[in-house]
Amino acid sequence: MSVNVKEEEPVLAPNCDVVENTELEVVNGDEGSKLEDYGTCVDVITERVNQLEQKIVEVEQFYSTKDGAGQTNTSKSNSGGKKVAISQPSKCSSAGKEKARGKHVSSPELMRQFATIFRQIAQQKWAWPFLQPVDVKGLGLDDYHKVIEKPMDLGTIRTKMEGSEYSNVREIYADVRLVFKNAMRYNEEKDDVYVMAESLLEKFEEKWLTIMPRLVEEEKKQAEEEAQDRASRQLAVEAAQAEKARDLSNELYEIDQELEKLREVVVQKCRKLSTQEKKGLSAALGRLSPEDLSKALKMVSEGNPQFPAGAPEVELDIDLQTDVTLWRLKVFVQEALKAANKSSGGTNAQNNNNGGEMNKTTAKRRRAIFDAIKKVKRAKKA
């Protein structure tokens, strides 16, 4: 990239260096306290930015894990490894919790219909062996619990129904079948208990089919309602996150405006660059590395959007730049050249160390030669 810097007369001496005396110089008298005030403003803004950063992480985390509505998604953020809660579950009743888990909750009418079926089965003449838990000890059934993993009886089912421990009829249906299946598993087909259990199970299945259409209809309707509820909750959460994102955008814009005003105030308090300093800045720009020069031209384009910072060849008129741009360039050039000088200084120091070691070796050799010559002279005299 080629940069032509236009500068005004008079021309400085060739050795003018912008690195010296580049601090922002303030013209007013009592500026120490004012500088402290500026520092306080910067600290306050920094604290606000840190808080906003955390909120931004939460919003980003929400949109990166937006695959489940109404769920609490916690994961580690990029800063500090803190867990971020995306949404909180709402408190609800036991029935509501069953729905939240995707479990069907039967209507009271359907529960009453099933209770009628249950009473009809329990009142059968062959139902008496199944009304109470199996008396394992009294009947001497030592292997009963080895064969039957989950004992069940109609009396236990009635107690659970009266205590509202069942939330849907499918749960009761499964336990009633378990009563008769256990009896058929433990006993042989020729046993009376086996025959009684098989007969009652057949009658129970027939009566169960009478309420199946209503059950299927309820489950389908509830599934649709649950899907709609999930969609509504997801929309509400997304709307809240979108509102948060808008608020963050507005706050960031306000902070940017505050920083701009603060920078303008600081620059107004600083003196203008002298002609000599502008000449020195022009000369220093030519000593920047290509990478640093691109950064400097970008600063110019920020103050002047019309400036073609990315063009292959640009012409920079120092006198047309604002005080803000000039001071930014001056401080940036100072830091860039200091870093470059420090890097080259380390290389030179290494070379100097290598040269010093070579000089020491040469001096030792010279002393050895002189000592040898002296010995020869003393030998001749002898």
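The second largest pocket has a volume of about 420 Å³, where a pocket is an open set of points on a 1 Å grid over the protein atoms alone, fitting a 1.4 Å probe, with protein on both sides within 12 Å along at least five of seven lines, and the volume is the space filled by probe spheres set on the points, which are joined across faces, edges and corners. This is a predicted model, in which local features need pLDDT of at least 70 and side-chain atom pairs pLDDT 80 or more, while totals for chains, interfaces and linings use all residues. Residues are numbered from 1 along each chain as its sequence is written, and side-chain values use heavy atoms, leaving out hydrogens and water.

Lining the pocket are 21 residues, with P129, V134, L139, Y144 and V193 nearest its centre; a lining residue has an atom within 4 Å of a point. By class, 16 of the lining residues are nonpolar, 3 polar and 2 charged, with Ala, Val, Leu, Ile, Met, Phe, Trp, Tyr, Cys and Pro taken as nonpolar, Asp, Glu, Lys and Arg as charged, and the others, Gly among them, as polar.

Which helix gives the most to this lining? That is α7, with 4 residues, helices being DSSP runs of H or I of at least four residues, numbered from the N terminus.

Turning to α7 and its partner, L154, I157, K160 and M161 in α6 meet I172, D175, V176 and V179 in α7, contact meaning heavy atoms within 4.5 Å. The residues of this contact divide into 6 nonpolar, no polar and 2 charged.

Methods. Helix = DSSP H or I, 4+ residues; strand = E, 2+ residues; numbered from the N terminus.
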